[in-house]
Number of protein chains: 2
Amino acid sequence: MQLIDGNAIAASIIAELKSQVAALPGRKPCLALVRVGEDPASVSYVKKKEKTAAEIGIESRVILPPVTIAQAELEKLIDDLNADPTVDGILVQSPLPKPLDELAVFRRIAAHKDVDGFHTLNLGKIAQEDDTGFVACTPAGVMELLARSGTDLKGKHVVVLGRSLIVGKPVALLALQKKAGANGTVTVCHSGTADVAALTRQADVLIAAIGRAEFVKGDMVKPGAVVIDVGINRVADASKKTGYKLVGDVDFAAVSQVASKITPVPGGVGPMTVCMLMQNTLKARRLAAA
Amino acid sequence: MQLIDGNAIAASIIAELKSQVAALPGRKPCLALVRVGEDPASVSYVKKKEKTAAEIGIESRVILPPVTIAQAELEKLIDDLNADPTVDGILVQSPLPKPLDELAVFRRIAAHKDVDGFHTLNLGKIAQEDDTGFVACTPAGVMELLARSGTDLKGKHVVVLGRSLIVGKPVALLALQKKAGANGTVTVCHSGTADVAALTRQADVLIAAIGRAEFVKGDMVKPGAVVIDVGINRVADASKKTGYKLVGDVDFAAVSQVASKITPVPGGVGPMTVCMLMQNTLKARRLAAA
């Protein structure tokens, strides 16, 4: 069994991005990070993004509007960032505090600066195999992990557990693309699937993104399958200071006995998302220059 | 075995649309039909669309630019139609004669008048389950045939043969939606699939859209499955005056012995596409008025 080491893969991508940014003519790529309020997880995520950007040589512009900002003001702020030629990418940290309308704010971000890949146009471009768009960071990270662990999807049956807009659907569309490395036969299962195990057992590549702790058991996986675990779930653990531990959607102890390759949680898909965000920012910079 | 009669279902939809259009306040919906050149199939398709529009009470405006029209002029024509408040939907009949760039012309059509449902935004909206967009006519027709033949996809395994942008991918995304009637578990197979028959045999609902004459044989279908045949293929037939006959992607004689419900070719999905175009035009009219 080969452990797919997300931290190591992320580190090599960051090194690659660093040298690509260093070689870039003109101004450095610039990522605007908008955070409203002091949600501790949001504070830590934005800090991590700032730090990774700095490491790569991407400028980050952290914008911290007051938690009392009105919807219209926040949208005006996005409009200004959309119009600012020195800003390549815009990320609004989720969740936005109530009563702000998060979806309306996300939709305000211009498609060509939508480095989070949530814009309708960017999703449509995945379906159209149009590479000028931005792929959301988690599905992009999953595809990178597959590619860099030597997993070619061609002729393989890829089973995706979960049909979310942020992971399941885009990763299914990516796996289905005709390009090299993809070309998979794709099944999407979800909460309404009659016999999930019968389908997961057919997977050459299983991508679990349903948000249920250790849902995928050893007997649900075909021997030799490649397993990518997108889940991050907190489960009570009295032995930890925090009182909980993080587990994926896959029962790692059991499934790692069966799989040929598997991502751990944490340290699998998680570390990939921030570097995919940086990759998208560099892409936005290049598209702006083109 | 129940034959899913596309002609009968299309006729009832046309009758429904007719009464909906009659009840519409203000001006009638208007569909611009742009045909360049005299390709006989295009002439006949546009005539059929005009006729159906007239039957429903939708105004159609047929525009026949000279075959020598320059790309820029054709795009200007689309821009004018986009800006014209009396035009609700715009359809450019495919194929455009060379050297016109068909994709560029299609992409010029404003998303809110794209009644053919080819625009990137409209495709993205299917993935996002955002009902304000337009679904391409063939996948929309497939979903209507399923709904009106009493086939609920909930808990069912839907296998789609083919991953085209016009049929396979949108129909897969529609079948996967959370709304009533959908909610299927979806597998997409294609030319690169290792063992197609092993997957089609698992289908509760099989949607064939690969463009290969009578590809789906009786032993590839689970007894009791619902089979929707999107294919339209010409095969040589000396007994016909034309020298050919039309067959689907499904071996009808064999599969109709196994399936519980099946669409014929012709007379299945085909008749649905024009009425879905009209439904989209009415929707465009309503959205314009809203």
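**Note on a predicted two-chain model**

1. Glu129(B) is found in the loop between α5 (120-127) and α6 (137-148) of chain B, where helices (H or I, at least four residues) and strands (E, at least two) are DSSP runs numbered from the N terminus. Its phi is near 55°, a positive value in a residue other than glycine, and Glu129(B) is partly exposed, with 16 other C-beta atoms within 10 Å. The burial classes used throughout rest on C-beta atoms placed from the backbone: a residue is buried if 20 or more other C-beta atoms lie within 10 Å of its own, exposed if 12 or fewer, and partly exposed in between.

2. This is a predicted model, in which local features need pLDDT of at least 70 and side-chain atom pairs count only at pLDDT 80 or more, whereas totals for chains, interfaces and linings use all residues. Residues are numbered from 1 along each chain as its sequence is written, while chains are lettered from A and ligands numbered from 1 in the order in which they are written.

3. Glu214(B) counts as buried because it has 20 C-beta neighbours inside 10 Å.

4. Two cis peptide bonds deserve a check by eye. One runs from Lys98(A) to Pro99(A), with omega near 5°, and Pro99(A) has its place in the loop between β4 and α4 (102-108) of chain A. Another runs from Ser94(B) to Pro95(B), with omega near 0°, and the place of Pro95(B) is in the loop between β4 (89-92) and α4 (102-108) of chain B.

5. Turning to the overall fold, chain A has 10 helices and 11 strands, and it is divided into domain 1 (25-112) and domain 2 (136-270), with bounds that come from an automatic or database domain assignment. The centres of domain 1 and domain 2 of chain A, taken over C-alpha atoms, are separated by 29 Å. The radius of gyration of chain A, 19 Å, agrees with the value near 19 Å that a compact globule of 290 residues would have, the radius being taken over C-alpha atoms and the globule rule being 2.2 Å times the number of residues to the power 0.38. Of the 290 residues of chain A, 48% count as buried.

6. Three strands of chain A form an open sheet in the order β3-β2-β4, with parallel pairing; two strands pair if DSSP finds at least two bridges between them. β3 (59-63) and β4 (89-92) of chain A stand at the edges, each with a single partner strand, so one side of each is left without a neighbour in the sheet. Strand β2 (residues 30-34) of chain A pairs with β3(A) over five bridges in the parallel sense, and the partner of Ala32(A) in β3(A) is Arg61(A). Helix α2 (residues 40-56) of chain A lies across β2 and β3 of chain A and runs at about 155° to β3(A); axes are lines fitted to C-alpha atoms, for helices over the stretch in contact, and angles run from 0 to 180 degrees between N-to-C directions.

7. In chain B, strand β7 (residues 205-208) points Val205(B) and Ile207(B) one way and Leu206(B) and Ala208(B) the other way, and all are buried. Four bridges join β7(B) in parallel to strand β5 (residues 157-161) of chain B, with Leu161(B) bridged to Ala208(B). Four bridges also join β7(B) in parallel to strand β8 (residues 226-229) of chain B, with Ile207(B) bridged to Ile228(B).

8. The largest nonpolar core has 172 residues, and those with the most contacts inside it are Ile207(A) and Ile207(B); such a core is a set of buried Ala, Val, Leu, Ile, Met, Phe, Trp, Tyr and Cys residues joined through C-beta atoms within 7 Å. Leaving aside neighbours within four places in sequence, Ile207(A) is in contact with residues including Val142(A), Val158(A), Leu161(A) and Ile228(A), a contact being two residues whose C-beta atoms, placed from the backbone, lie within 7 Å.

9. The contact between the chains takes 23 residues from chain A and 23 residues from chain B. On the side of chain A that touches chain B, α5 (120-128), α7 (168-176) and β6 (185-189) of chain A each supply at least two residues, and the largest share, seven residues, comes from α5(A).
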